[in-house]
Amino acid sequence: MFKKKKTLSLLAPATGKVIPLENSEDQAFAEKLVGDGIALMPVEGDFRCPASGRIAGVAEALHAYSIETEEGIDLLVHIGIDTVELMGEGYRPAVRSGDMVKAGDPLCTVDLELLKRRGYSLCTPVVICDMEKVSDFTPLYGDVIGGADAVIEYSPLK
């Protein structure tokens, strides 16, 4: 009679500390102009897919990855702030646009030391871009292990 809502989780794309998106050093993310989510301060450069689905896009500068989940939710993983300026230097993608992925699969490897030496923030926003498709959105803060620990719980609307 009553249908129970399905609760899904997005996994941490890397090992590090999850902080509120509002604390992102990029105003567009902090003001949630792109969508809602979390910010991750990574401590290692192995990045993983936060959800199963299809790689909808890889930025030309290799610093941002768009994923369409199996439920049709659009996600964005944006590794570092202003790192588009590096034009791919320090980034080794493990995926291409159109690839099908599972949660926890390798996404890319990033030379975090290079980013730090060049003065870039490692802050990595993970955002649900189409919040109108979700309910019961709950960010999960604290220390996480990439590809293993949840950073967001939500229910898809359908």
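Guide: Two strands are taken to pair if DSSP finds at least two bridges between them. With that in mind, and remembering that this is a predicted model, we can begin with strand β2, which spans residues 16-20. Three bridges join β2 to β13, and these two strands run antiparallel; within this pairing, Val 18 stands opposite Gly 142 in β13. Strand β2 is also joined to strand β3, residues 36-42, by five bridges, and here too the two strands run antiparallel. In this second pairing, Lys 17 of the chain stands opposite Met 41 in β3.

These pairings belong to an open sheet of eight strands, whose order is β9-β5-β6-β7-β11-β3-β2-β13 and whose pairing is antiparallel. At its edges stand β9, residues 100-101, and β13, residues 142-144; each has a single partner strand, so one side of each is left without a neighbour in the sheet. Elsewhere in the order, strand β6, made of residues 64-69, is linked to strand β7, made of residues 74-78, by five bridges, with the two running antiparallel. A pair to look for there is Ser 66 and its bridge partner in β7, Leu 76.

A further open sheet has three strands, arranged in the order β1-β14-β12, and its pairing is antiparallel as well. The edges of this sheet are held by β1, residues 8-11, and β12, residues 134-139, and because each has a single partner strand, one side of each is left without a neighbour in the sheet. From one strand to the next, the twist averages 25°. Four bridges connect β1 with strand β14, residues 150-156, and the two run antiparallel; within that pairing, Ser 9 stands opposite Glu 153 in β14.

A disulfide would need two cysteine sulfur atoms within 2.5 Å. For Cys 49, the closest cysteine sulfur is that of Cys 108, at 9.1 Å, which is too far for a bond. The sulfur of Cys 129 has its closest cysteine sulfur in Cys 49, at 15 Å, and that is again too far for a bond.

Stepping back to the whole, the protein chain contains two helices and 14 strands. A compact globule of 158 residues would have a radius of gyration near 15 Å, and the chain, at 15 Å, agrees with that. Along its principal axes, the C-alpha trace spans about 60 × 30 × 25 Å. Of the 158 residues, 51% are buried, and the accessible surface comes to about 7800 Å², with 50% of it belonging to carbon and sulfur atoms. Finally, among the contacts with a separation of 6 or more, 69% are between residues 24 or more positions apart.

How values were computed: Residues numbered from 1 in each chain as written. Predicted model: local features only at pLDDT ≥ 70, side-chain atom pairs only at ≥ 80, totals over all residues. Heavy atoms only, no water. Axes fitted to C-alpha atoms, helices over the stretch in contact; angles between N-to-C directions. Rg over C-alpha atoms; globule rule 2.2 N^0.38 Å. Buried < 20%, exposed > 50% of the residue type's maximum accessible area, 1.4 Å probe, protein only. Contact = heavy atoms within 4.5 Å. Areas by Shrake-Rupley, 256 points an atom, 1.4 Å probe, with all protein chains shown as cover.
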